[in-house]
Amino acid sequence: MNSEDTEMIKMLFQYQHGFLISKIMFTAAELGVFDLLRESEEPLTSSAIAECLGTSHVGMERLLEACVGLKFLRMERKDNIGLYGNTVLADLYLAKSSPKSQYYYMKLQSDVYYPGLQYLSDAVREGKSQIKSKHGPSVNDFFQLVYRSEEGKQVYFNAMDNSWSLFGSELISEFDLSDFHLVCDLGGGSGFFAKEHISSYPNSTVTIFDLPEVIETAKKNFLGSEECRILFQEGDFLKDPVPEADLYILSRILHLWNDERSVQLLTKLHKACKPGGGVLIVEPVLDDERGESFGAHFASIKLLLYNDGKTRTSSEHKALIGVAGFKDIQAKNKGLFGAILGRKQ
């Protein structure tokens, strides 16, 4: 077997077991393994970890060993006994107590998206959302699903905060937005972009415009000194007039819809803008060759399962903004997401 065959088989094996890798990672996070080891001043044995977390010894030992193999944990032997500690990755991103934790983003994937993948074959055959098949005829879209309970809304908000904490500030800094003093974040209930924007631009004010049930939850997440510069307004931006603003932010919104509906909203925002105003779109963006943008591909599959939208290339986003009337359109890609800014002349 040559080296090329060996690499292909390694990749095949990894992809075949990808679902196990994500479940191992989330299970260890959910049980508190990474937090316990983050707080511990020294490595711990599997029996000590099992006792602290209230699990079986045999089950915990196997989980810990798998985490070592996946480079989530490190293990050292002392007197022939394994002692476990976090890797840097686990300390930074997998422990719930870390400021950069991805715990709630993992929880959203595990609790909502993972079970839905059973219906992927049906979604591909039919070319439409399978949400009614899985959750019943009363659930029309992903947000009706996650917003059914207060806990679901909070998990979603926390998941968005987790996700944006990795690269949101970089996206905000891709453009000079200092000319925009009144900002409206449409559907921005999680509040991440509002916080990031006023942090980067202290002279700005951001209005979060979202559905009433979302705003009720969102307000509970804003108890700091920045509250006076973050405002809340209830409404449906597809049906109701939007607040007056110099800049409208659409973060992870347009990929939920088809081109026609996206252009309708963008045209509405163009009419609401004064000359010099603008729209900032943040989305998972496909590369033209479809070979690099794995994050956008994952988003596309999730959309197929739960919504009727689509992911797009930067060129396709620029075309939608242009049809709506915006000019001087700029696009920047940063990691998994792209940012597209258009201005009204």
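This briefing walks through the salt bridges, nonpolar cores, a few individual residues and a surface patch of the structure above. The model is predicted, so local features need pLDDT of at least 70 and side-chain atom pairs count only at pLDDT 80 or more, while totals for chains, interfaces and linings use all residues. Residues are numbered from 1 along each chain as its sequence is written, and side-chain values use heavy atoms, with hydrogens and water left out. Welcome, and enjoy the tour.

**Salt bridges**

- The structure holds eight salt bridges, each being a side-chain nitrogen of Lys or Arg within 4 Å of a carboxyl oxygen of Asp or Glu.
- One of them joins the side chains of K107 and D111, at 2.9 Å from N to O.
- K107 and D111 are four residues apart in helix α7 (residues 103-116), so about one helical turn separates them; helices here are DSSP runs (H or I, at least four residues), strands are E runs of at least two, and both are numbered from the N terminus.
- K107 is buried, with a relative accessible area of 15%, whereas D111 is partly exposed at 42%; buried means under 20% relative accessible area, exposed over 50%, and partly exposed in between (1.4 Å probe, protein chains only).
- Beyond its neighbours up to four places away in sequence, K107 touches F26, V112 and V155, where contact means heavy atoms within 4.5 Å.
- E150 and K153 also pair through their side chains, with 3.4 Å from N to O.
- Helix α11 (residues 150-172) holds both E150 and K153, three residues apart, which is about one turn of the helix.
- In this pair E150 is partly exposed at 34% relative accessibility, and K153 is buried at 6%.
- A further salt bridge links R312 to D259, whose closest N and O atoms are 2.9 Å apart.
- Because R312 lies in strand β9 (residues 312-313) and D259 in helix α14 (residues 259-272), this pair ties together parts that are 53 residues apart in sequence.
- R312 is buried at 1% relative accessibility, while D259 is partly exposed at 33%.
- D259, K310 and R312 form one network, joined by salt bridges that share partners.

**Nonpolar cores**

- As background, nonpolar side chains in soluble globular proteins tend to be buried together.
- The largest nonpolar core has 43 residues, and L108, W164 and L280 have the most contacts inside it; such a core is a set of buried Ala, Val, Leu, Ile, Met, Phe, Trp, Tyr and Cys residues joined through side-chain atoms within 4.5 Å.
- Helix α11 gives the most to this core, contributing eight residues.
- Setting aside neighbours within four places in sequence, L280 is in contact with F175, L177, L247, Y248, I249, L250, A339, I340 and L341.
- Another core lies apart from this one and has 25 residues, including C184, F209, L320 and I321.

**Around S101**

- S101 sits in the loop between α6 (88-94) and α7.
- This serine is buried, with a relative accessible area of 4%.
- Not counting residues up to four places away in sequence, S101 touches L92, Y93, A95, K96 and N162.
- A polar atom of the S101 side chain lies 3.0 Å from the backbone oxygen of A95.
- S101 and S163 are 62 residues apart along the chain, and their C-alpha atoms are separated by 9.0 Å.

**Around T217**

- T217 belongs to helix α13 (residues 212-219) and is buried, with a relative accessible area of 0%.
- With neighbours within four places in sequence left aside, T217 is in contact with E150, K153, Q154 and F157.
- Two of these contacts, E150 and K153, are the partners in the 3.4 Å salt bridge described above.

**A nonpolar surface patch**

- F19, L20, Y114, L117 and I301 make a nonpolar surface patch of about 420 Å².
- Patches are made of residues with over 30% relative accessible area and no salt bridge, with like charges joined within 9 Å and nonpolar side chains (Val, Leu, Ile, Met, Phe, Trp, Tyr) within 5 Å.
- Accessible areas come from the Shrake-Rupley method with a 1.4 Å probe, and for residues only the protein chains shown count as cover.
- I301, one of the patch members, is in helix α15 (residues 294-306) and is partly exposed at 33% relative accessibility.

Terms used: Polar contact = N/O pair within 3.5 Å; in protein donor to acceptor, adjacent residues only side chain to side chain.
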